[in-house]
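This briefing is meant to be read beside the sequence and the coordinates. It takes up confidence, the two chains, their contact, and a few selected sites.

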Amino acid sequence: MNNEPRHMRRIVTAWVIASVIGDLLWWFLVGPHIPPGNMTESAHWNQFDFNVLAVTAIPVVFMVWLWMGYALVNWRDKPGVPDPVGGEAAKAPYRVQAAWISITSIVVIAAAIYGTVALIGDHGSGGGEGPNPVWAPEGAVAANTAAIQGKATWSPAGHQPLVVQVIAQQWKFTYRYPAFGGMETSRLILPVGTDVVFDVTSLDVIHDFWAYQLSVKADANPGVNNVAFADTHQTGQFMVRCDELCGIWHGAMYNSGRILSKTAFMAWATKTEAQNASNTKYLPPFAWTYTPDANGASGGLYPDGNVTPYSPYDTYGAKQPAS
Amino acid sequence: MTISAERPTETAAGTAAPAGPRRVSWTNRPGWMSQHLGTALVLAFLGYLLGHWWGNHIAGNYHYINGASGQNSVADFLALLLMVVGWLVGIGALNYPIAKLFGREAVEEAPAKGMSRYFRYTLDHKVVGMQYVVGTLLFLFTGGLLAMAIRTELLNPTVHIFNPGTYIEIVSEHGTIMMMMATSVVVGPLGNYLVPLMIGSRRMAFPRIEAFSFWIFSAGYMVIFSALFYGGFPTGWTGYAPLQNQAGPGMISYLFGFAVIGMGMIAAGFNIAVTIINYRAPGMTWSRVPMFVWSILATASLLTLATPVLFSAGLFGILDHVVLTSLYVNEHGGSSYLWENLFWFFGHPEVYIMALPGFGIVAEIVPVFTRKPLFAYKVAAAGMMGVALLSFFVWQHHLFQSGINPDMRPLFMLTTELISIPTGFIYLVGMGSLYKSKMRLEIPMLFSLALYFNFLIGGITGVFLSDVPVNVTVHGSFFVLSHFHYTIMGGLIFAFMAGLYYWLPKMTGYMMNKKLGLWHFWTMFIFFNMTFFPMFIIGLLGQPRRVFEYAHGLQGLNDFSSISAFCLGASFLLFFWNLMYSMIINPKKAPANPWDSLGLEWQTANPVPLYNFERIPVIVTEPYRYSEPGAPAYADFGGGGSDGGSSGAVGSSVEE
């Protein structure tokens, strides 16, 4: 009898101490290094979110581990350990069950509410929101609509969002800047301090545009526009990887991008626009999706600039190879 | 109605051995002329050739079907289809239904004897259970070898052992074979063998469907394995379209393989669920059902309800390949989201198909080795059913970044996180049972404790994944990979090992060697954690799944993980060695009840007689009344359960 309170007190004391130490160590030593870092607003909050979950999880893990460890040491089948009491005496106390169920429910529902707030407050957290995003930064949807009408602009002076189209195909990414004449580049360059709208689409199979340090991840579906947002905070280099298995060279589908200061970005963009102009003029007008024709992505024909992604065969009938 | 109709026949069959002149079916004819594994293999081979010829005959000149790969998809599909049909005909699975179709009286087969029954279409649930043991271990071994190949390739970020096509082939086969294995690894061997014994039944409800489930499961192994000879498939186990549509003929093996395995899963689940609901011994009310049976009931319900979706999804994919529909092709009016949703609508309940039996095994084993009643029995049962129910409402959490309707994401985040509440019940039950117990650290108990250790990590990281903002970083990375290996391997496979060490003495009559078992346990536990824990970090540091090239900075962690994985593979060799040593080389006869269990399955004779119980037992009290002086025995084998009384008692127990 005398033993019972002592067991519980020992375990709880050890658990509280371990949890506090574990949480503090995590928050101050590990947490700041947890990806994706601080390059964008959503990266910052997603890191914060991860750390909130981690300091919630650490006490739970320690509770089970300490309990199991304590049981292994003290409640083994060895001399001196009393026989467990079976039957009615061993029925699980109702208050223990009720407490467990209530506490886990509260923690879980709190985590879901917190996750929802973080998701909405940070404009979708950098995840792909499909063709009709509901949580967008101010002006981002309008900027996207302007881009499809051929009226995209961007200048370092204002607070205009920058629209970038990400076109995935086996096995590379191409980036299109409608504000700069629809030029296409193979490297993603972005200005700092800007809301970026990514229109992610694919020419062939499902890819996933994962700009790791930007905390942007959006599946690239053929014929579908998947919109994601990022608010750039820091200049520097970041990694882009394909994150959805897309065929044999999926493992080699990566490159790097860069966030520049606004003026440096403007200089790069105007220079590249001029350099590429002779090629850009052959590209179709900006559309939210590209749908290659039956010839496939390589060597296929692009649709015209209509919002509808489909190019009727009769439009391009003359260009179809004779069958 | 069925119960009362069945029971007298059963009892008669049990007391008086089936005798008298009966026509012997092909299945059980002695000697080489009968139907057995050999005839099945021959007819499967002939069916394969016939299908190939037939497909080329009817569609050989059809340009679009031959496509870019130059392979005739119709021929590839018909070859596999007729291979499976030939296999089933050869083993004798179709004798009974065909006889019935022609209105002939079905032949009641005399039960086969000796070793040969393990190679036949045998209706005894214990034989089917043993067949499943071998079948799932074969799956596990194949998938494990492929895993070794993956870890070998990942030893170096830029120097490659396999070309990228071969690597993707290996990754995809590993994932698919392991997933198929994991759907049946507990339900098949232990579920089939033990459920009738644990509920005090002489048989399964549908023995033919049960035997069918095993033989179609093994046909599924051949189908999915055949992909290797067709150049594999590049899609991983998730088979996303339209990469699926782009892929070569190996994709048909994948799609048809899942359809075939799916049939086996539906059959197994249906039979087991019906058996548990209708064939419990008199007195076995729902509050007296062993926890393992609860978990198998929950799993069987999921198998029956979720798998048809996979089956149809696979058939859609086959249609896309064979007759050029475009169900999954966006550009032609189909939708790649259709596959994603169908697949995960099956795929997420599937995840719990792979978790619940593990919970059941440990809940069954823990009371035996703590010598205490199970803590909060009703909470445990509620947890299992709760997980099973909720598992149908979470599938879109696999698609958070895919461009689904964005305001569905909070909903699926909520449902996914809610599922940790019933999963938490399982921990309450396990941890509560340890309190002031008298723990016997036998091998099954060690594996059970390891499940609580591993699944905790797997489960908690699942909460991270279900949180949409965090999901942006960890989705599709090694973090996910590590998470589900912690739940499936760290949970289910550890529980399967616990179950094997615990029940093999009953199933085979021989004890597993304890010393080798300890070596096996500790190497498996340590190297499992050393293999998969670094993968959480690798994933957080930005390595996507299924890649053959990764950042140079991650080589150290990847090498650590690879070398641990080789040691983990070696621990499985220790297990196979223990199995051979204890069962064949130096068999030690097991005592009738080596673990002092109160479970019904240990109360029958050893080896278990054909009809399991001399008399149908009557359940008189709750299970797990350990350490209670004067407690009545769980079941009464005496004269209590005579024929007339027993049907009535079962009827009332069903209502409760």
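The points below are grouped by topic.

The structure is a predicted model. The predictor assigns the complex an ipTM of 0.89 and a pTM of 0.91. Chain A has 323 residues, and chain B has 656 residues.

**Confidence in chain B**

- The average pLDDT of chain B is 88, and 90% of its residues score at least 70.

**Architecture of chain A**

- Five helices and 10 strands make up the secondary structure of chain A.
- Of its 323 residues, 42% count as buried.
- Among the contacts in chain A with a separation of 6 or more, 66% are between residues 24 or more positions apart.
- Chain A is divided into domain 1, covering 3-74 + 94-121, and domain 2, covering 140-304.
- The C-alpha centres of these two domains of chain A are 39 Å apart.
- Contact between the two involves 10 residues of domain 1 of chain A and 12 residues of domain 2 of chain A.
- On the side of domain 1 of chain A that touches domain 2 of chain A, three residues are nonpolar, six are polar and one is charged.

**Architecture of chain B**

- Chain B contains 23 helices and two strands.
- Buried residues account for 61% of the 656 residues in chain B.
- Of the contacts in chain B between residues at least 6 apart in sequence, 82% join residues at least 24 apart.
- Domain 1 of chain B spans 356-590, and domain 2 of chain B spans 600-655.
- The centres of domain 1 and domain 2 of chain B, taken over C-alpha atoms, are separated by 33 Å.
- Seven residues of domain 1 of chain B are in contact with eight residues of domain 2 of chain B.
- The side of domain 1 of chain B that touches domain 2 of chain B has three nonpolar residues, one polar residue and three charged residues.

**Contact between the chains**

- Chain B contributes 76 residues to the contact, and chain A contributes 75 residues.
- On the side of chain B that touches chain A, the elements giving two or more residues are α7 (164-184), α10 (243-246), α16 (409-418), α17 (420-434), α18 (443-466) and α19 (468-474) of chain B.
- Among these, α17(B) provides the largest share, with eight residues.
- The side of chain B that touches chain A is made up of 42 nonpolar, 20 polar and 14 charged residues.

**The largest nonpolar core and α20(B)**

- The largest nonpolar core has 292 residues, of which A:F198, A:F209, B:A380 and B:F447 touch the most other members.
- Helix α20 of chain B, residues 478-508, gives the most to this core, with 20 residues.
- Leaving out residues up to four places away in sequence, B:F447 touches B:F494, B:A495, B:M497, B:A498, B:Y501 and B:F521.
- Most of α20(B) is covered, with 29 of its 31 residues buried.
- At B:Y502, shortly before the proline B:P505, α20(B) has a kink of about 45°.

**The site at B:G200**

- B:G200 lies in the loop between α8 (187-199) and α9 (207-226) of chain B.
- B:G200 counts as buried because it has 29 C-beta neighbours inside 10 Å, and the cut-off for burial is 20 or more.
- Apart from neighbours within four places in sequence, B:G200 is in contact with B:R280, B:A281, B:M284, B:L600, B:F613, B:I616, B:P617, B:I619 and B:A635.
- B:G200 and B:T604 are 404 residues apart along the chain, and their C-alpha atoms are separated by 9.5 Å.

How values were computed:
Residues are numbered from 1 along each chain as its sequence is written. Chains are lettered from A and ligands numbered from 1 in the order in which they are written. This is a predicted model: local features need pLDDT of at least 70, side-chain atom pairs count only at pLDDT 80 or more; totals for chains, interfaces and linings use all residues. pLDDT is the predictor's confidence in each residue, from 0 to 100. Helices (H or I, at least four residues) and strands (E, at least two) are DSSP runs, numbered from the N terminus. Ala, Val, Leu, Ile, Met, Phe, Trp, Tyr, Cys and Pro count as nonpolar, Asp, Glu, Lys and Arg as charged, and the others, Gly among them, as polar. Domain bounds come from an automatic or database domain assignment. A residue is buried if 20 or more other C-beta atoms lie within 10 Å of its own, exposed if 12 or fewer, and partly exposed in between; C-beta atoms are placed from the backbone. A nonpolar core is a set of buried Ala, Val, Leu, Ile, Met, Phe, Trp, Tyr and Cys residues joined through C-beta atoms within 7 Å. The bend at a residue is the angle between axes fitted to the seven residues ending there and the seven starting there.
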